[in-house]
Amino acid sequence: MGDDSVVSRLGSMKALLGIVAGAGASYGIYKLVFGRAGDAGVNRKKSAKSVTIQPGSLMAKVSGFKVVSESDNLDPTADAKSSDVFSKSAASLEPRHLSMLLSLLQSSPNPEERRKVLVTLGNAAAFTVNQDLLREFGGLHIIAGFLSDPSPELRVQTLNALNNLSMNIRNQEQLKIYVSSVMQMIEMSPVNSDLQLAALRLLTNLSVTDNHQHLMKKSITLLLSLLVVSNEVLQIQVLKVLVNLSSNPDLMDDIVQAQAPASLILLFDGCTSTSVLLRLLFFVGNLRSWRPSAQVAEALRRRQDSLYCVLLDGSSQLHRKLPLLLSHPDEEVKSQNESPTFLMDMSMLLLQNTMTAVGKMKHMIV
């Protein structure tokens, strides 16, 4: 009697499935139901309630099971929670994880979740293979899109991620278009803020080679101004960019003509941090390698606020400051200041200035 009842129920279910199949339901329904038919101990009502029903659908009227369409993603890993990805180490992330994170970054309305995604992507971007994958997935522009996010914290994490991505030369070709935006962010952000620091770190990577340095030449004045008002950490980062730029002879004309604060000279002092002072001396050493013609030098002297007048001209106070650094307690500072090339550059410059002055005196006498 009990067996006949089970058979009768199965017959009813087969008939029901025939109706559903006729309405266009997928084979997944059939398999889902018949996979459970052989187990008499299963509570069918409980199983039916645990599955989501689409209101108003044919399945809602005739069954308790969700229709599975061919367009649905049947990959069991596709529904992995974002928290599972966040818990993974950056080294263990697979391409599918990176793709999922980029999708989540674009779709999530939750700022905190977007922040976590950016942190995770930034950590993953420390690995070369992920730098390439994120570029191939279009991830560089997706991430850079958050440079204008209203949240300062999200902008910081965006810059951190782009900083790691910029260690890849091929990625720099795509990231160069954001240089002006990053410069504007530095100018508009509070001094010594995390935003300024993160932005300068990105510019440091982008200025390592001379491929994109020309994009920063209009911001020399901004960098020099920031140098005299910022803290030690930011000063070091500013000088890293300036040293990189000043190593490019093609940019030297733009650098020496840039407006510079007179207080810049005050940094060449024994009280200045050794890390900052060393980079200042490297920067000046690069500037000394530039040899202007007499006409160019004369034109630059007319601009008293130019970097040339502040640091390079014979009237610059730097010539009185540098000898004092020879007694600096740090050996590296002294060795940089005593280097033959450095001293020769100073001597040649002083000689040029002296000859120019003598020439003027002769002209006046005549």
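The following legends describe close-up views of a predicted model.

**Figure 1. Overall content and confidence of the predicted model.** The protein contains 22 helices and 0 strands. Of its 366 residues, 42% count as buried. Among the contacts with a sequence separation of 6 or more, 67% join residues 24 or more positions apart. The mean pLDDT is 77, and 66% of the residues reach 70 or more. Residues 13-80 have a pLDDT below 50, and this stretch makes 44 contacts in the model beyond near neighbours in sequence. A pLDDT under 50 is also found over residues 343-366, where the model has 19 contacts beyond four places in sequence.

**Figure 2. Helix α12 and its buried face.** Helix α12 spans residues 179-188, and its buried residues are V179, V182, M183, M185 and I186. Seen down the axis of α12, these residues fall within an arc of 155°, so they line one face of the helix. The face turned away from this buried side carries the exposed residues S180, Q184, E187 and M188. The packing partners of the buried residues of α12 are α10 (152-165), α11 (169-175), α13 (194-206) and α14 (220-229).

**Figure 3. Helix α14 and the helices that cover it.** In α14, the buried residues are I220, L223, L224, L226 and L227. They are placed on the same side of α14 because they cover an arc of only 160° around the axis. The elements that cover these buried residues include α12, α13, α15 (232-246), α16 (252-257), α17 and α19.

**Figure 4. The loop between α12 and α13, with N192 and S193.** N192 lies in the loop between α12 and α13, and its phi is near 70°, a positive value in a residue other than glycine. For context, most residues other than glycine have a negative phi. N192 counts as partly exposed, because its relative accessible area of 32% lies between the limits of 20% and 50%. S193 occupies the loop between α12 and α13 as well. S193 is buried, because its relative accessible area of 16% is under 20%. Along the chain S193 and L234 are 41 residues apart, and their C-alpha atoms are separated by 8.9 Å.

Figure 5. Leaving aside residues up to four places away in sequence, A161 touches L118, G122, A125 and I143. The C-alpha atom of A161 is separated by 8.9 Å from that of A144, a residue 17 positions away along the chain.

**Figure 6. The aromatic pair of W290 and Y308.** The count of aromatic pairs comes to 1. In this pair, W290 and Y308 are arranged edge-to-face, with 6.1 Å from centre to centre and 80° between the planes. W290 is located in the loop between α17 (274-288) and α18 (294-301), whereas Y308 belongs to helix α19, so the pair ties together parts that are 18 residues apart in sequence. Both W290 and Y308 are buried.

**Figure 7. The side-chain contact of D313 with R301.** D313 is placed in the loop between α19 (307-312) and α20 (318-321). With a relative accessible area of 8%, D313 is buried. The side chains of D313 and R301 are joined by a polar contact of 2.8 Å.

**Figure 8. The cysteines C271 and C309.** C271 counts as exposed, at 76% relative accessibility. C309, in contrast, counts as buried, at 7% relative accessibility. A disulfide is a covalent bond between the sulfur atoms of two cysteines. A search of the whole structure finds 0 disulfides.

Technical notes. Residues numbered from 1 in each chain as written. Heavy atoms only, no water. Helix = DSSP H or I, 4+ residues; strand = E, 2+ residues; numbered from the N terminus. Buried < 20%, exposed > 50% of the residue type's maximum accessible area, 1.4 Å probe, protein only. Polar contact = N/O pair within 3.5 Å; in protein donor to acceptor, adjacent residues only side chain to side chain. Disulfide = S-S within 2.5 Å. Arc of directions from axis to C-beta. Contact = heavy atoms within 4.5 Å. Phe/Tyr/Trp six-rings, centres within 6.5 Å; stacked < 30°, edge-to-face > 60°. pLDDT = per-residue confidence, 0-100.
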